[in-house]
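I opened the notebook to look at a pocket and the ligand. My notes follow the order in which I looked things up.

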Amino acid sequence: MPPKPVILPSLLSADFSALARDIDAVTEAGATILHLDIMDGHFVPNISFGPGVVKAIDRISGLTLDTHLMVTDPDAMLEPFRDAGADILTVHVEACTHLHRTVSRIRELGMKAGVSLNPATPLSTVTEILPYVDLVLIMSVNPGFGGQRYIPSSTEKIRQLADDVRRRGLDLVIEVDGGIDRTTAAAASGAGAQYLVAGNAVFGAGDIRSNFTTLQKLITT
Ligand code: DX5
Ligand code: ZN
């Protein structure tokens, strides 16, 4: 895992009719990890895409695939996404009855294991699982859609998690997802987020390459 903070383009805001073109653009701009949002229309009120599309992306891209499962039954989906080429698989704490079993299985399948928290879910729900995961994803919007506003209290949540990780000497990446743009990126990375997901701010208005570069500079300088 890279020590410096990085921007992860979220393909949810890319042009679904030209995914290869948009992936090329962020790759040329220096992206190393793609964020893939999987929504089942049940855990969140939207449907995105599944393992078939992930497999197609894996075929055309050498980038690391960071796969965010916003689904009610993640256990049923671990192998299909591993087979599709996911490198990091993140499940929501709210969706897992036996979270330790689920993250252990993700690692057994050869992927990095992540756990995600919705904005209203306290950090205390992941206290016990931290030693068993490679990544914690703090949702800074209510998941389901791109282009929402960053919830300001997320910054303090990231800071508290980063303090806990440091205090306990844990080895994991802190990721933040939702509303990351030119005004919020620096605060989130300053609080301790190392992976910053950005959808609308990369693929929305303007040039994809320069959008990515501008955001990346904001968190590294
Ligand atoms: C939201 C998704 C995000 C989304 C972020 O449910 O998990 O990854 O793509 O989009 P922006 O950056 O536009 O808030
Ligand atoms: Zn996401």
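Which residues lie nearest the centre of the largest pocket? I found Gly147, Gln148, Gly178, Gly179 and Ile180 there, among 29 lining residues. A pocket here is an open set of points on a 1 Å grid over the protein atoms alone, where a 1.4 Å probe fits, with protein on both sides within 12 Å along at least five of seven lines; lining residues have an atom within 4 Å of a point.

I noted the ground rules. This is a predicted model, where local features need pLDDT of at least 70, side-chain atom pairs count only at pLDDT 80 or more, and totals for chains, interfaces and linings use all residues. Residues are numbered from 1 along each chain, chains are lettered from A and ligands numbered from 1 as written, and side-chain values use heavy atoms, without hydrogens and water.

I looked up the volume next. The largest pocket holds about 390 Å³ of space. Its lining divides into 12 nonpolar, 13 polar and four charged residues.

Then I asked what takes this space. Ligand 1 does.

I turned to the shell around ligand 1. Ser10, Asp37, Gly144, Gly147 and Asp177 come nearest, out of 20 residues around the ligand (a heavy atom within 4 Å).

I checked polar contacts (N or O pairs within 3.5 Å). An oxygen atom of ligand 1 is 2.7 Å from a side-chain N or O atom of Ser10. A polar side-chain atom of His35 is 3.4 Å from a ligand 1 oxygen. For Gly179, a polar backbone atom lies 2.8 Å from an oxygen of ligand 1.

Key
Polar contact = N/O pair within 3.5 Å; in protein donor to acceptor, adjacent residues only side chain to side chain. Sits in = over half its atoms within 2 Å of the grid points. Points joined across faces, edges and corners; volume = space filled by probe spheres on them. Nonpolar A, V, L, I, M, F, W, Y, C, P; charged D, E, K, R; others polar.
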